[in-house]
Amino acid sequence: MEVERKKSGIEGAGRGLFAKKDFQPGDVIFTLDRPYVAELDINRLQDTCAWCFQRGAADDEERARRAALGFFTGGGIETKACTGCKRVRYCSKPCQSKAWKREHKHECKVIAPETRPDLPHGVRAVIKLLGRLKNDSAGKDELLLDILQFTPAGGDKGEALERIKKENPQRFEDFSMLAYGAWKYSGEPSIGDMDSEMIAKAFFYNVMSNTIQLSSALDDTSLGVGFDPILCSANHSCDPNSVVVFNQPKLVLRAIKPIKKGEEIFMKYVDVTNPFSVRQAELRDSYFFRCQCAKCKKGAAFPEDKFLKAPDELPKDFFKLADDLRKRHAKQLPTFFVPANDPEAQLRVAAIQAEVFSVSGLTFDVNKGNDTSSEEEVLDALKLCLNTGLWGYTRQPVPHLLRQLLVMYLSQGRIYQAWRIGALRHFLISPTLYPTASYPDRVIDCWMMSTATNSLCNPNIPGHKEIFDQCLKSGFDLRIVYFGFLIETREQIERSFGKDSPFGQVVENVFQKTMQNTDIPLSEIKDKVKETWPKLKAVAHNVDVLKL
Ligand SMILES: C[S@@+](CC[C@H](N)C(=O)[O-])C[C@H]1O[C@@H](n2cnc3c(N)ncnc32)[C@H](O)[C@@H]1O
């Protein structure tokens, strides 16, 4: 491996991951066949292979609905339940047998009883880790012991745990209860002369506070979480130089900036397009540390922290609403603090931020879940941001809210509305938030635009022929737009997910099929795309998201 672990450049951050050679943006730093720990979300247990993470076909109704919209409908793999526990499923015998040897034998009986609910991913992970540790009396599995060295539970000799207990007693209590549950379910194992209850706790904290979200790029669905002692040695930076890509079941770390030999490799644990105080709060509440990255050391001094005008200029019309929100979000105001001359303006804008971020799914109240917001709530939050005149399209949570709306519209079959939001994101937002064109989130968005455009080109879908003709009248051909997005996705695959990834293969198949069905040569199509793109950009600029 072309990386090594040594003391991080961030003071107090423990170890970090360092490059042993130079990397260019898009280069693979390393690939892991599978994360050391990988757990499906509870709601994916029924349709996803618990070993390779390939997602089976969604149910027939969902599949037919997606197919009617011209969308990818899943790889079509079938999964079968383990006959022992009937809770986890596998797509093939080889997957099942690898999983059994490696981990499932430790959990099968524990999770089997019908009276037991499906357990959350952190608890399932700890049950397997305890089983693995118990069976490894020779201490051959170095990575397993290594997990116990991670901060916050081990590497810093428990200091961070003490801090969490003090600063976030509720979270500490919840985590401790779940770790205790995993230990009890596992039958209070005796592991040499170790205190197995403490180990369960350390495993739980490390898995929960160092995990990577695993999602499927093809249909943009969350699948579960992963933890890997090598990958998770990389510290967080709000200006990361690498990104993790999940190619079911491989984990790939790729450079997104040039990295010199000897330089520390940083990834992101949270969304780094959020303003400074929001990033700090999310890292504090979900990962239990204060970010000391080079960017955060400079404070709220970057484009994501800027409003279009000073918070002091909040129009008077918003005072009453903001004052009501101040009461509702009183506890969250420090997190959403914004510098302003007038202390009243500071509090009003902080209250508006607390409201709109909570609609976008970020809430820093441990007693509240991240409930999905309704279309009306998302639209109200967008209106609030844009009508104050403080927010532009690239200041969060506007991009989050627009994406929420886009996904909502796509799932409701309101493709043209989704498409217009997508066009706006593609031209006006993504290049600012993710300047590297091969950035995985950008490639996923581009793929989403290509499937949405393809759907608009289908005259059999009610209403689409009219939209197609209307676009043609305004000077652009949606078939060319479809080609444009598909070609762009394909061009960026190599340096984002890789051609051999499940995502890369689907994109390639779709591209080849599309080319077979047209007699226009690729070079000619590319010329037409070039001609069309400025017109499409103009459309994107004119989209009024409040009047779709
Ligand atoms: C996934 S681990 C990374 C490896 C860890 N540094 C170690 O020594 O095991 C995450 C922990 O590293 C530390 N850390 C990572 N990024 C940091 C940052 N930007 N600022 C401060 N501490 C950080 C925190 O203690 C956090 O809980």
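Trainee: Which hand does the crossing of α2 and α3 have?

Mentor: A crossing is left-handed if the near helix is turned anticlockwise from the far one by less than a right angle, and right-handed if clockwise; the crossing of α2 and α3 is right-handed. This is a predicted model, in which local features need pLDDT of at least 70 and side-chain atom pairs count only at pLDDT 80 or more, while totals for chains, interfaces and linings use all residues. Residues are numbered from 1 along each chain as its sequence is written, and side-chain values use heavy atoms, with hydrogens and water left out.

Trainee: At roughly what angle do the axes of α2 and α3 cross?

Mentor: With axes fitted to C-alpha atoms over the stretch in contact, and angles running from 0 to 180 degrees between N-to-C directions, helix α2 (residues 93-111) and helix α3 (residues 121-135) cross at roughly 115°, their axes coming within 8 Å. That makes α2 roughly perpendicular to α3, a class that covers 65 to 115 degrees, whereas under 35 is roughly parallel, over 145 roughly antiparallel and the rest oblique.

Trainee: Which polar atoms lie by the ligand's nitrogen atoms?

Mentor: For a polar contact one looks for a pair of N or O atoms within 3.5 Å. Here a polar side-chain atom of asparagine 235 lies 2.8 Å from a ligand nitrogen, a polar backbone atom of histidine 236 is also 2.8 Å from a ligand nitrogen, and a polar backbone atom of glutamine 292 is 3.0 Å from a nitrogen of the ligand.

Notes. A polar contact is a pair of N or O atoms within 3.5 Å; within protein, one must be able to donate a hydrogen and the other to accept it, and residues adjacent in sequence count only if both atoms are side-chain atoms. Helices (H or I, at least four residues) and strands (E, at least two) are DSSP runs, numbered from the N terminus.
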